[in-house]
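Subject: Handover of a structure and the findings from it

Dear colleague,

Please find below the structure that I am handing over to you, followed by an account of what was found in it. I would be grateful if you could read the text alongside the model.

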Amino acid sequence: MSRERVAFLGLGTMGAPMAAHIAKAGYPLIVWNRTPAKARPLITLGAKAAKSPAHAAAEADVVITMVSRPQDVEDVVLGPSGALEGLQAGAVLVDMSTVSPVTSRKLAGAVATKHAEFLDAPVVGSKGPATDGTLVILVGGLPPTLKRCEPILRTMGKTIIHAGNVGCGSALKLATNLMLGHLSAGFVEALILVQAAGLDPQRFLEVVHASPFASPWYQTKGVGMLKGDFTPHFALKHMRKDFELMCGLAKETRAAVPVTEAIRKLFAEAESAGKGELDYSAILAHLQGNAPAVVTPS
Ligand code: NA7
């Protein structure tokens with residue numbers, strides 16, 4: 001049986017390593033990125049470069065989008081020369097960007113007009129898991145559509161969870177990032193307090209590691225924060241965008257999320273202060289008022 005032809009649109013921090021896994025697994029792959037130079041490593045792996053999202057979609061059975069914000073996905077799919085123009089009847093559009101359930105449902109509606117299918121399939125995990133192929137993929141859509149796409153998704157992720165109908169993958173992803181944002185904000189505020197009280201931040205980290213709420217997250221992200229390393233694995237501007245989307249979903253569903261609202265403001269302030277391109281953990285640097293990073297005692 002011939003393999004599905006895959007189009008991958010959006011080769012940023014996440015999209016580039018994810019598309020590389022698909023190429024390495026031997027799927028016929030066509031790629032497109034707004035900034036064409038980012039497609040070069042994929043071409044080296046055997047992928048073909050498309051002139052536009054429409055061109056890529058016209059040559060694919062499964063079209064994957066991995067761009068930034070809801071409006072960006074709409075531009076790539078519904079805009080001029082967008083994927084919808086080239087989408088073939090019977091094809092599947094899989095949006096892996098983190099967007100709102102409303103956007104996922106809008107995309108699904110548009111895709112249905114072409115007699116094609118849709119999945120929202122955002123991911124848990126940032127640059128490291130995308131590179132290792134160990135992402136957790138949260139899928140909204142029909143089970144047979146997921147079954148069809150599962151071998152392709154398996155090249156990028158170790159765990160695939162069917163969340164429910166279209167939009168449920170997006171909602172589950174927002175709830176997951178809500179927790180991640182709270183974890184970060186809590187850790188950062190505790191560090192600020194530790195410093196202000198004249199305590200050793202390294203000692204604090206040891207306590208966290210030994211506690212019943214220890215998490216691998218503190219080991220990786222926490223240690224990086226203590227070193228003042230805010231190299232972006234997941235950009236702060238994207239976390240800010242996700243907090244806007246969570247608060248929007250909470251308003252729509254009348255969910256009470258007062259602490260999330262406060263953290264949304266914190267990420268928005270940090271982005272306004274110029275930290276948007278850094279890792280989301282740079283809220284530490286923001287709250288320190290751009291003071292030098294916490295220094296790990298030798
Ligand atoms: P990045 O590294 O910021 O990459 C974003 C990608 O989206 C990149 O390929 C961009 O193209 C592309 N993009 C952004 N806006 C547009 C528009 N309007 N049109 C076309 N292409 C666009 O993000 P990540 O890879 O870390 O994250 C991707 C998603 O996963 C996001 O939803 C996160 O929240 C989770 P460029 O290279 O700038 O031309």
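This is a predicted model: local features need pLDDT of at least 70, side-chain atom pairs count only at pLDDT 80 or more; totals for chains, interfaces and linings use all residues.

Arg264 is found in helix α13, which spans residues 258-275; helices here are DSSP runs of H or I with at least four residues, strands are DSSP runs of E with at least two, and both are numbered from the N terminus. With a relative accessible area of 17%, Arg264 is buried. The term buried means under 20% relative accessible area, exposed means over 50%, and partly exposed covers what lies in between, with a 1.4 Å probe and protein chains only. The side chain of Arg264 is joined to that of Glu244 by a polar contact of 3.4 Å. Such a contact is a pair of N or O atoms within 3.5 Å; within protein, one atom must be able to donate a hydrogen and the other to accept it, and residues adjacent in sequence count only if both atoms are side-chain atoms. Helix α13 also holds Glu269, which counts as partly exposed at 46% relative accessibility.

Residues are numbered from 1 along each chain as its sequence is written, and side-chain values use heavy atoms, with hydrogens and water left out.

The ligand site

The ligand is surrounded by 21 residues, of which the closest are Asn33, Thr35, Lys38, Ser68 and Lys241; a residue is near the ligand if one of its heavy atoms lies within 4 Å of it. Domain 1 (6-165) and domain 2 (171-289) both contribute residues to this shell, so the ligand lies between them. The domain bounds come from an automatic or database domain assignment. Both α4 (70-78) and α12 (236-253) supply at least two residues of the shell, and α4 gives the most, with 3 residues. By class, the shell consists of 7 nonpolar, 9 polar and 5 charged residues. In this count, Ala, Val, Leu, Ile, Met, Phe, Trp, Tyr, Cys and Pro are nonpolar, Asp, Glu, Lys and Arg are charged, and the others, Gly among them, are polar.

Which side chains place polar atoms by the ligand's oxygen atoms? In Asn33, a side-chain N or O atom is 2.6 Å from an oxygen atom of the ligand, and in Thr13 a polar side-chain atom lies 2.7 Å from a ligand oxygen. For Asp75, an N or O atom of the side chain is 3.4 Å from a nitrogen atom of the ligand. The protein covers 89% of the 790 Å² of accessible area that the ligand has on its own; accessible areas come from the Shrake-Rupley method with a 1.4 Å probe, and for residues only the protein chains shown count as cover.

The nonpolar core

The largest nonpolar core has 34 residues, and among these Phe8 and Met96 touch the most other members. A nonpolar core is a set of buried Ala, Val, Leu, Ile, Met, Phe, Trp, Tyr and Cys residues joined through side-chain atoms within 4.5 Å. Two or more residues of this core come from each of β1 (6-9), α1 (15-24), β2 (29-32), β4 (62-65), β5 (92-95), β8 (135-140) and α8 (143-154). The most are given by α1, with 5 residues.

Loop residues

Gly12 is found in the loop between β1 and α1 and counts as partly exposed at 31% relative accessibility. The C-alpha atoms of Gly12 and Ser68 are separated by 8.8 Å, although the two residues are 56 residues apart along the chain.

Ser97 sits in the loop between β5 and α6 (101-112). Ser97 is buried, with a relative accessible area of 1%, and its side chain makes a polar contact of 2.8 Å with the side chain of Asp95.

Two further loop residues have positive phi values. Most residues other than glycine have a negative phi. Phi of Ser81 is near 55°, and this residue is found in the loop between α4 and α5 (83-86). Phi of His115 is near 60°; His115 lies in the loop between α6 and β6 (117-120) and counts as exposed, at 65% relative accessibility.

Yours sincerely
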